[in-house]
Amino acid sequence: MNILRRTYLMIRYKLFKLLLPFPKIHTNDETLDKLLHSNLSMARFGDGEFHMINQTEHLGFQDKDDKLSQRLRAILSSDSKVCMICIPYGLRSVQHLNAQGSFFWRQFVVFHYRKYIPYFNYSRPYYDACVTRPYMDWDDKSGSGSFFARLKGLWQDKRILIVEGEMSRLGVGNDLFSGAASIGRILTLSQQAFRCYDALLAETGRLAAGYDLILLALGPTATVLAFDLSQLGLRALDIGHVDIEYEWFLQQAALKVAIPGKYVNEVKGGDRQQDPADQQYEQQIVSRIFTP
């Protein structure tokens with residue numbers, strides 16, 4: 001980006017921060033503390049979920065869908081007492097982010113934020129959607145290891161049910177969930193998962209009695225599913241890219257890279273990974289949902 005354009009972006013960003021209303025957002029530390037010391041569920045909004053609200057951009061893994069957009073709008077403005085609604089702290093401040101991360105959220109504020117002002121609930125505080133992304137975009141990464149260690153406390157000694165796309169393979173090949181008492185998995189479409197939403201909700205609810213905690217990684221579908229499961233009295237956490245962030249942390253990667261055997265939608269070619277055999281992973285699969 002040339003200097004003139006960068007200066008223009010910075011001026012508009014500072015102006016918008018002065019003139020536009022922004023919701024209160026708890027930090028990632030405050031968000032993790034709340035999760036560790038409560039039984040609340042968590043539904044997260046990243047840039048993809050925001051774009052899906054007004055269907056302004058096509059997501060490679062999820063087509064535009066009117067019902068999905070309506071549900072996301074309602075959840076973003078909700079005042080749920082059992083589900084934490086999380087949005088990126090980068091909307092409030094970019095001081096903690098590196099150059100790439102701060103540029104991303106500055107341009108998001110300048111070019112997109114105003115479209116979503118009608119859907120925020122400014123009377124309530126939000127939590128940080130990037131609680132599951134404590135590594136790649138951070139300027140100071142020295143605390144990433146201890147943060148991941150605390151994050152693992154959410155499922156320590158718990159029976160967890162993971163609902164994920166068939167190519168996500170959360171925790172496979174690393175120790176992210178090694179502290180869990182047991183793991184079950186519901187697999188569904190890596191792309192267009194919302195097509196199976198009703199079946200996913202019913203199947204997750206049916207199996208939930210055998211588990212202490214439900215973990216979801218399904219893009220915008222997970223946002224809605226976490227909220228709906230919370231309304232049924234189940235604890236569900238939309239953890240999104242936590243496994244990929246953890247892989248990058250373990251590699252001490254400076255840039256986002258593909259992870260063999262795992263779907264990484266943010267990396268070119270990351271959706272074309274080979275399918276390595278893993279007997280333990282296969283044994284954890286308790287259900288497959290690939291049709292509505």
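Which element gives the most to the lining of the largest pocket? The legends below take up this point in a predicted model, beginning with the pocket itself.

**View 1. The largest pocket of the predicted model, with a volume of about 1100 Å³.** The lining is made up of 47 residues, of which Asp47, Arg133, His241, Asn265 and Glu266 are the closest to the centre of the pocket. Two or more residues of this lining come from each of α3 (47-54), α5 (99-111) and α9 (242-251), and it is α5 that gives the most, with four residues. By residue class, the lining of the largest pocket divides into 18 nonpolar, 18 polar and eleven charged residues.

**View 2. The second largest pocket, with a volume of about 190 Å³.** Here 16 residues form the lining, and those closest to the centre are Gly171, Asn174, Ile183, Gln280 and Gln284. The elements that give two or more residues to this lining are β5 (182-188) and α10 (279-284), with α10 giving the most, namely three residues. The lining of the second largest pocket comprises seven nonpolar, six polar and three charged residues.

**View 3. The packing of helix α7 (residues 197-207) and helix α8 (residues 220-231).** The two helices pack at an angle of about 45°, their axes lying 11 Å apart, and α7 and α8 are therefore oblique to each other. The crossing in which α7 passes α8 is right-handed. On the α7 side the contact is made by Tyr197, Leu200, Leu201, Thr204 and Gly205, and on the α8 side by Thr221, Val224, Leu225, Asp228 and Leu229; the residues of this contact divide into six nonpolar, three polar and one charged.

Notes. Residues are numbered from 1 along each chain as its sequence is written. This is a predicted model: local features need pLDDT of at least 70, side-chain atom pairs count only at pLDDT 80 or more; totals for chains, interfaces and linings use all residues. Side-chain values use heavy atoms; hydrogens and water are left out. Axes are lines fitted to C-alpha atoms, for helices over the stretch in contact, and angles run from 0 to 180 degrees between N-to-C directions. Angles under 35 degrees count as roughly parallel, over 145 as roughly antiparallel, 65 to 115 as roughly perpendicular and the rest as oblique. A crossing is left-handed if the near helix is turned anticlockwise from the far one by less than a right angle, and right-handed if clockwise. Contact means heavy atoms within 4.5 Å. Ala, Val, Leu, Ile, Met, Phe, Trp, Tyr, Cys and Pro count as nonpolar, Asp, Glu, Lys and Arg as charged, and the others, Gly among them, as polar. On a 1 Å grid over the protein atoms alone, a cavity is a set of points where a 1.4 Å probe fits but cannot get out, and a pocket is an open set with protein on both sides within 12 Å along at least five of seven lines; lining residues have an atom within 4 Å of a point. Grid points are joined across faces, edges and corners, and a volume is the space filled by probe spheres set on the points.
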